[in-house]
Amino acid sequence: MATLEDSFLADLDELSDNEAELDENDGDDGKEEEDIDMDMADLESLNYDDLDTVSKLQKSQRYIDIMQKVEEALGKDSDGAEKGIVLEDDPEYKLIVDCNQLSVDIENEIAIVHSFIRDKYKLKFQELESLVHHPIDYARVVKKIGNETDLTLVDLEGLLPSAIIMVVSVTALTTKGSPLPEDVLQKVLEACDRALDLDSARKKVFDFVESKMGSIAPNLSAIVGSAVAAKLMGTAGGLSALAKMPACNVQVLGHKRKNLAGFSSATSQTRVGYLEQTEIFQSTPPGLRARASRLVAAKSTLAARVDATRGDPLGKNGKALREEIRKKIEKWQEPPPARQPKPLPVPDSEPKKRRGGRRLRKMKERYAVTDMRKLANRMAFGTPEESSLGDGLGEGYGMLGQAGSNRLRVSSVPSKLKINAKVAKKLKERQYAGGATTSGLTSSLAFTPVQGIELCNPQQALGLGSGTQSTYFSESGTFSKLKKI
């Protein structure tokens, strides 16, 4: 068995091992802190006044190689993708994918250069960035204005819409900025030139991709056109990426924030990107363009998925989808059908066949109009009718109770239809049974016109006798004869 001293020594060994591990971890943490300090030093050492330090894409070897291949491909004509080759193995498709990735990098580089121009030029005209949002337009306007303080001497026609030009001119009169130094101005103009060069390179890449759209994405090009298909693929990052994208995201690809400068937003299209440049969208009435853009985005996604799998190289599916879109938009523009008047049923000249017999006669007599109801439904000319509430209010009585309406005769004989044979039989039995008894309301006093009040026997008036009087003391009674047995 281990003694107490051995257990204490084992605990001390474990403590020493833990301290060694902690020392190693502290050493690693110290190295990480040193790396972070070195990274921060590198970031601080970056000179943001130098444009080449910020923008490095144009000097990269990848950019130079892809642009050289694009210029060579634009210089020679090709029949398109070779038949029998998988899409991913096609060299033209690989170049198109590289161009799409390069276009995304160019977009990011333009944003970086735009941020550089904006940071430098805000000392001269700070309000310009809130009036002109697009980076390329901003670079063109800055290059055109320069250090000029009076914008009436600067011709911005063709660079901006007339309404934005007016707002920029008015805002420049009240700005608090000051002219830039000469060296800063040169850096700003150089950044503007670089942004314009990047934009021209992006357009060249789009032109190349557009020229190959007929063979790479025939179905998508049949719906939206080659130019819009190239822009969609370039923004999405390739045909495969576009095929995996949902239709709601395809609809807003290339969407730009528009500056309305205080004008109405009733006619501005929201949440529409490159699809507004399609022929289908432009030929659709303004009230239906939102629905048309959603429809075009959905069908374009289906066409991109067909092209990604090379399911239809001839583009028949794309043409069928385009025709379907056209028919749906035409259907939306049709006026609603007019309400047709419902014709009356053809009158039946022949009398309706009704069954006859005792049951029908009972029904007719049960629902027949009584004389009282007939008088209530009639009105005498020039004579006001009585009503239940008076003064013409409530239910009117018609000719009931008026002079000349004659008296209603109530038949004392009960209707045969209301009393069946069993009820009649019971009534007859009650009459026979009740003939031997007198009612409790029968009186012994009789009123006669000659004698006035006279006391009489009611049973004698009914011709009945009571007790033995009817048998033994009757004038017509005789002795009964009994036969001996």
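This is a predicted model: local features need pLDDT of at least 70, side-chain atom pairs count only at pLDDT 80 or more; totals for chains, interfaces and linings use all residues.
Residues are numbered from 1 along each chain as its sequence is written, and side-chain values use heavy atoms, with hydrogens and water left out. Helices are DSSP runs of H or I with at least four residues, numbered from the N terminus.

**α3 with α4**

- The axes of α3 and α4 (residues 91-121) come within 11 Å and cross at roughly 125 degrees; axes are lines fitted to C-alpha atoms over the stretch in contact, and angles run from 0 to 180 degrees between N-to-C directions.
- The α3/α4 crossing is left-handed, meaning that the near helix is turned anticlockwise from the far one by less than a right angle (clockwise would be right-handed).
- On the α3 side the contact (heavy atoms within 4.5 Å) uses R62, Y63, I66, M67, K69 and V70, and on the α4 side L95, D98, C99, Q101, L102, D105 and I106.
- Eight nonpolar, one polar and four charged residues make up this contact of α3 with α4; Ala, Val, Leu, Ile, Met, Phe, Trp, Tyr, Cys and Pro count as nonpolar, Asp, Glu, Lys and Arg as charged, and the others, Gly among them, as polar.

**α3 with α8**

- Helix α3 (residues 61-75) packs on α8 (residues 182-211) at about 50 degrees, with the axes 10 Å apart.
- This pair is therefore oblique, and the crossing of α3 and α8 is left-handed.
- Y63, M67, V70, E71, A73 and L74 of α3 touch L198, A201, K204, V205, D207, F208 and S211 of α8.
- The contact of α3 with α8 has nine nonpolar, one polar and three charged residues.

**α15 with α16**

- The axes of α15 (residues 289-308) and α16 (residues 316-333) come within 10 Å, crossing at roughly 165 degrees.
- That makes the two helices, α15 and α16, roughly antiparallel.
- The crossing of α15 and α16 is right-handed.
- From α15, R291, A292, L295, V296, K299, L302, A303 and V306 meet N317, L321, E324, I325, K328, I329 and W332 of α16.
- Ten nonpolar, one polar and four charged residues form the contact of α15 with α16.

**Cavity**

- The structure has one cavity of 30 Å³ or more; a cavity is a set of points on a 1 Å grid over the protein atoms alone where a 1.4 Å probe fits but cannot get out, and lining residues have an atom within 4 Å of a point.
- The largest cavity holds about 30 Å³ of space, the volume being that filled by probe spheres set on the points.
- Its lining consists of S215, I216, P218, N219, V306, D307, R310, G311, D312 and P313.
- Two or more lining residues each come from α9 (213-216), α10 (218-224) and α15.
- The lining of the largest cavity has four nonpolar, three polar and three charged residues.

Conventions: Angles under 35 degrees count as roughly parallel, over 145 as roughly antiparallel, 65 to 115 as roughly perpendicular and the rest as oblique. On a 1 Å grid over the protein atoms alone, a cavity is a set of points where a 1.4 Å probe fits but cannot get out, and a pocket is an open set with protein on both sides within 12 Å along at least five of seven lines; lining residues have an atom within 4 Å of a point.
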